[in-house]
Amino acid sequence: MEARKTQLLRILVVILLQHHLQISLILVDATSNVHIVYMGEKKYEDPVAITKSHHRFLSTVLGSKEAAKHSILYSYKHGFSGFAARLTKTQAEKIAELPGVVQVIPNGILKLHTTRSWEFMGLHYYQSSKNLSTESNMGEGTIIGIIDTGVWPESESFSDKGMGQAPVPPHWKGICQKGEKFNSSNCNRKLIGARWFIKGIMDMINASTNTDEYFSPRDAVGHGTHTASTAAGYFVEKANYRGLAAGLARGGAPLAHLAIYKACWDIGCTDADVLKAFDKAIHDGVDVLSVSIGNEIPLFSYIDQRDSIAIGSFHAIAKGITVVSSAGNDGPVAQTIVNTAPWIITVGATTIDRAFPTAITLGNHQVLWGQSIDIGKVSHGFTGLTYSERIAFDPDSANDCRQGSLNATLAAGKIILCFSRPDTQDIQSAAISVTQAGGVGLIYAQFHTDGLDSCNLIHCIKVNYEVGTQILSYIRRAR
């Protein structure tokens, strides 16, 4: 009898487990995510007819046109055919097998890139010199589209004071789309159009996500403003960062017109939004597209048709639009170059050749050099210098000056030397920790990397490990 009860109990457990597994699979499958249904070259010239065809096509899987309309985020109908829609895994797999579908692509995240400016390529601007920039009339009459994080229209780089009275090129069909702190008055003869695309990224974030973004073409990140001014910014004399590195700022084509397509936000860009930006740019009549974004590593080849930039740029090129993209910022390690489709002009970056040297004078009058962009004046004179581990509550966490690791009594009024540990701390976080402990300055030793951050709260200087070790040796020797 006991054996029979045990057997029945086992059978019941197995049935319950199978039922639970089936319910779990149903719930997983019922979760819809945005997928891009890419259908290649468009079959109709009428955009309305293309959109209707997308609704009819999707309704064969979802059961009704109403369900299809509710599911679709975007119809791609100007440069190519396809749509972005919320689909379950099963629905996406079923659509992928239907005639006319080239590929079904899960909506992924792309990241922002940056690169060096025109002087690196030898395109110095001199009125009397002959080079690619001057021979091309500095881009006059050309419309450059920028797919990025938007634009800060008040920047002097986007003034139209040097554009003369020449009208906007007649083939331009774009608009200046309004939104938060952005309206048609922000456009001019230089900045002739702006649009924004957010449906793809909104599907990937929840309502509690903190953001300082503008729901408009206005740039909250700065990256789009940077890339737009690099491509076509007008001449700005004495441009500088808080008084540092003053000089002439200009784009490669300073007389070109600009059209902005904000498909990237402070948390990234999605394939769905980027493809819609390509689609609209093709419709609007841009002559060149600049796209300083790319896929995350590990990469996949453009020929497997999951690369949205390769897809969008292919159809742009087919319409006579030159597409220029960045090779990425993950080198010089092998197999990190992105945007390798042969129809794209891919621009490789290099290390930054600018430096902001800052002297560190020790008590023995030895001078060592680091870099800093903190420019505020201080009146400390010679100040006590110590190593973070000497004033630590916990030596293991104090090495790179993590918050709460420093003894405030011993740190007060001193300059603190900290050594970075990869992926655990950065100079700005270390500066917060030193400030909270009452320190007045930070020397931060780390591997060499491009770029500098301002610490704002206190003065901080970045040094390499060699200089950091020299300072540590001095601290250990000195009283």
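Visitor: In which loop is Lys181 found?

Guide: A quick heads-up: this is a predicted model, where local features need pLDDT of at least 70, side-chain atom pairs count only at pLDDT 80 or more, and totals for chains, interfaces and linings use all residues. Residues are numbered from 1 along each chain as its sequence is written, and side-chain values use heavy atoms, with hydrogens and water left out. Strands here are DSSP runs of E with at least two residues, helices are runs of H or I with at least four, and both are numbered from the N terminus. On that basis, Lys181 is in the loop between β6 (143-148) and β7 (191-196).

Visitor: Lys181 has a positive phi in a residue other than glycine. Is Lys181 buried or exposed?

Guide: Its phi is near 55°. Buried means under 20% relative accessible area, exposed over 50%, and partly exposed in between, with a 1.4 Å probe and protein chains only. The relative accessible area of Lys181 is 58%, so Lys181 is exposed.

Visitor: And what is the relative accessible area of Lys238?

Guide: Lys238 also has a positive phi, near 55°, but its place is in strand β8 (residues 236-241). Lys238 is exposed, with a relative accessible area of 69%.

Visitor: Which strands stand at the edges of the open sheet?

Guide: The sheet has 4 strands in the order β11-β12-β5-β14, with antiparallel pairing; two strands pair if DSSP finds at least two bridges between them. β5 (residues 109-112) and β14, for one, share 2 bridges, and Lys111 stands opposite Gly294 in β14. Two strands have a single partner each, so one side of each lacks a neighbour in the sheet: β11 (264-265) and β14 (293-294).

Visitor: Which strands does helix α8 touch as it packs on the sheet?

Guide: Contact means heavy atoms within 4.5 Å. For directions, axes are lines fitted to C-alpha atoms, for helices over the stretch in contact, and angles run from 0 to 180 degrees between N-to-C directions. α8 (residues 271-284) makes about 70° with β12 (268-270), and the strands touched are β5, β12 and β14.

Visitor: Over which residues is the pLDDT below 50?

Guide: pLDDT is the predictor's confidence in each residue, from 0 to 100. The protein chain has a mean of 86, with 84% of its residues at 70 or more. Where pLDDT is low, the predicted coordinates should not be read in detail. The stretch below 50, with 3 contacts beyond near neighbours in sequence, is residues 11-29.
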